[in-house]
Amino acid sequence: ITIEWTATDCAGNSVDGEQVIVVEATSNMLVSLELDGVVAAGPFDRCITFELWECPDSGPAAIVEATMSFTGGAASAVVPVPCGAYSCVTARDRLHTLRRTLDAPDFTIAGTDYVADFVAAGKPLVGGNLNDDFFVDILDFGLLSFQFFMALPAGTPCGAVGPHADITGNGVVFTEDF
């Protein structure tokens with residue numbers, strides 16, 4: 001959008017100017033995550049899905065996937081999200097973990113950026129949910145049993161298909177993934 005301005009002083013002197021205003025379609029979300037129980041030193045990639053909405057509404061207004069690079073089970077990234085008014089965010093690693101949700105004060109706005117700090121909030125993503133439902137249950141145990149002793153890569157970037165039972169990211173499905 002271009003706005004044209006004219007400024008005139010008390011002596012009648014005037015000057016014209018233009019100002020260009022650009023409205024972006026996305027905002028940045030600064031994210032810090034921790035995967036509970038991950039022992040792999042890394043780096044390795046995991047696809048993290050973020051659901052954003054205005055609390056206390058029940059459904060997400062925006063869903064964004066981002067491949068995040070983890071070292072020692074922790075990652076930080078700048079994730080572009082659609083512009084909107086959000087006060088809650090949920091993060092999940094759909095092939096390995098349960099969901100974790102943040103609201104104020106752990107999900108805030110700093111300047112023009114959203115900030116989602118799952119690490120400072122003490123809310124790591126807890127592993128074990130291999131079929132991406134809301135529960136760690138016998139179905140997840142069945143998937144783990146099926147892949148027991150299998151060598152799997154630590155990373156599961158966006159686009160990877162499951163199941164992927166190497167929760168710890170050490171390259172093999174074994175007892176530590178139970």
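How many of the 7 residues of strand E2 are buried? The number is 0, so strand E2 (residues 14-20) lies largely in the open. The model is predicted. Its largest nonpolar core has 28 residues, and a second, separate core has 6.

**The E1-E2 hairpin**
- Strand E1 (residues 2-8) runs antiparallel to E2, and 7 bridges join the two.
- Within this pairing, Thr6 stands opposite Asp16 of E2.
- The hairpin has 5 residues between its strands. Gly12 takes a positive phi near 90° there.
- Buried means under 20% relative accessible area.

**The nonpolar cores**
- In the 28-residue core, the residues with the most contacts inside it are Met29, Leu33, Phe50, Leu52, Val89 and Phe107.
- At least two residues of this core come from each of strands E3 (26-36), E4 (44-53), E5 (62-70), E6 (74-82), E7 (88-92) and E10 (113-117).
- E5 gives the most to this core, with 5 residues.
- Leaving aside residues up to four places away in sequence, Phe107 touches Met29, Leu52, Tyr86, Ser87, Cys88, Val89, Leu102, Tyr114, Val115 and Ala116.
- The second, separate core of 6 residues includes Leu130, Ala165, Ile167 and Val173.

Key
Residues are numbered from 1 along each chain as its sequence is written. This is a predicted model: local features need pLDDT of at least 70, side-chain atom pairs count only at pLDDT 80 or more; totals for chains, interfaces and linings use all residues. Side-chain values use heavy atoms; hydrogens and water are left out. Buried means under 20% relative accessible area, exposed over 50%, partly exposed in between (1.4 Å probe, protein chains only). Helices (H or I, at least four residues) and strands (E, at least two) are DSSP runs, numbered from the N terminus. Two strands pair if DSSP finds at least two bridges between them. A nonpolar core is a set of buried Ala, Val, Leu, Ile, Met, Phe, Trp, Tyr and Cys residues joined through side-chain atoms within 4.5 Å. Contact means heavy atoms within 4.5 Å.
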